[in-house]
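Colleague: I am new to this structure and would like to know how its labels were reached. Please show it, and then I will ask about the terms one at a time.

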Amino acid sequence: MKSWTIHQLAGAGSIAGIVAMMLWPAFVAWPEALRLPFILILAAACFCGAAMLWITLRDIARRPVRGSRLRPIRTFDVVLGLALTIPTTLELRAIVPDSLMQLGLL
């Protein structure tokens with residue numbers, strides 16, 4: 001199995017984040033019908049952001065001095081990773097406990 005590159009994660013995570021933002025108003029209107037798709041899209045965006053941060057931090061730890069030309073790229077990767085991870089995690093924390101309670105799991 002081939003591992004994902006940071007560029008693939010950035011693309012997939014960005015698409016998932018955009019879809020989640022577009023789906024959010026519909027989720028507010030029809031939460032029962034769109035709960036599972038919304039949670040899955042948020043989880044995908046969160047996973048991609050966290051994986052981007054992991055890959056970037058691992059690259060920094062393994063090769064700390066790779067030149068000043070990579071600093072803007074690393075900065076972009078960290079900013080995009082945080083932008084995908086933080087809001088989706090907050091939204092998931094707000095939605096998932098309610099969903100688990102409705103299913104009788106909490």
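Colleague: Are aspartate 59 and arginine 74 buried or exposed?

Modeller: Aspartate 59 and arginine 74 are both buried. Buried means under 20% relative accessible area, exposed over 50%, and partly exposed in between, with a 1.4 Å probe and protein chains only. Aspartate 59 has a relative accessible area of 19%, so it counts as buried. Before going on: this is a predicted model, in which local features need pLDDT of at least 70 and side-chain atom pairs count only at pLDDT 80 or more, while totals for chains, interfaces and linings use all residues. Residues are numbered from 1 along each chain as its sequence is written, and side-chain values use heavy atoms, with hydrogens and water left out.

Colleague: What is the pLDDT of the protein, as a mean?

Modeller: pLDDT is the predictor's confidence in each residue, from 0 to 100. The mean for the protein is 87, and 89% of its residues reach 70 or more.

Colleague: How many helices and strands does the protein have?

Modeller: There are three helices and zero strands. Helices (H or I, at least four residues) and strands (E, at least two) are DSSP runs, numbered from the N terminus. Along the sequence the pattern reads α-α-α.

Colleague: What makes aspartate 59 and arginine 74 a salt bridge?

Modeller: The rule asks for a side-chain nitrogen of Lys or Arg within 4 Å of a carboxyl oxygen of Asp or Glu. In this pair the closest N and O atoms are 3.3 Å apart, and a salt bridge is assigned. Aspartate 59 lies in helix 2 and arginine 74 in helix 3, so the pair ties together parts that are 15 residues apart in sequence. The count by this rule is one salt bridge.

Colleague: Which residues does aspartate 59 touch, not counting those up to four places away in sequence?

Modeller: Aspartate 59 touches Arg66 and Arg74. Contact means heavy atoms within 4.5 Å.

Colleague: Why is cysteine 48 called buried?

Modeller: Its relative accessibility is 5%, so cysteine 48 counts as buried. Cysteine 46 is buried too, because its relative accessible area is 16%.

Colleague: Why does phenylalanine 47 count as exposed?

Modeller: Phenylalanine 47 has 56% relative accessibility, so it counts as exposed. This residue is found in helix 2 (residues 31-62).

Colleague: Why is alanine 45 called buried?

Modeller: Its relative accessible area is 0%, so alanine 45 is buried. Alanine 45 is in helix 2. Leaving aside neighbours within four places in sequence, alanine 45 is in contact with Gly13, Ala16, Gly17, Leu84 and Thr88.

Colleague: What is isoleucine 55 in contact with, leaving aside its neighbours within four places in sequence?

Modeller: Isoleucine 55, in helix 2, is in contact with Trp4, Ile6 and Leu9.

Colleague: Which residues form a nonpolar patch on the surface?

Modeller: Leu82, Ile86 and Leu90 form the patch, with about 270 Å² of accessible area together. Patches are made of residues with over 30% relative accessible area and no salt bridge; like charges are joined within 9 Å, nonpolar side chains (Val, Leu, Ile, Met, Phe, Trp, Tyr) within 5 Å. Isoleucine 86 has 46% relative accessibility, so it counts as partly exposed. Accessible areas come from the Shrake-Rupley method with a 1.4 Å probe, and for residues only the protein chains shown count as cover.

Colleague: How much of the protein do buried residues make up?

Modeller: Buried residues are 31% of the 106 residues. The accessible surface comes to about 7400 Å², and 72% of it belongs to carbon and sulfur atoms.
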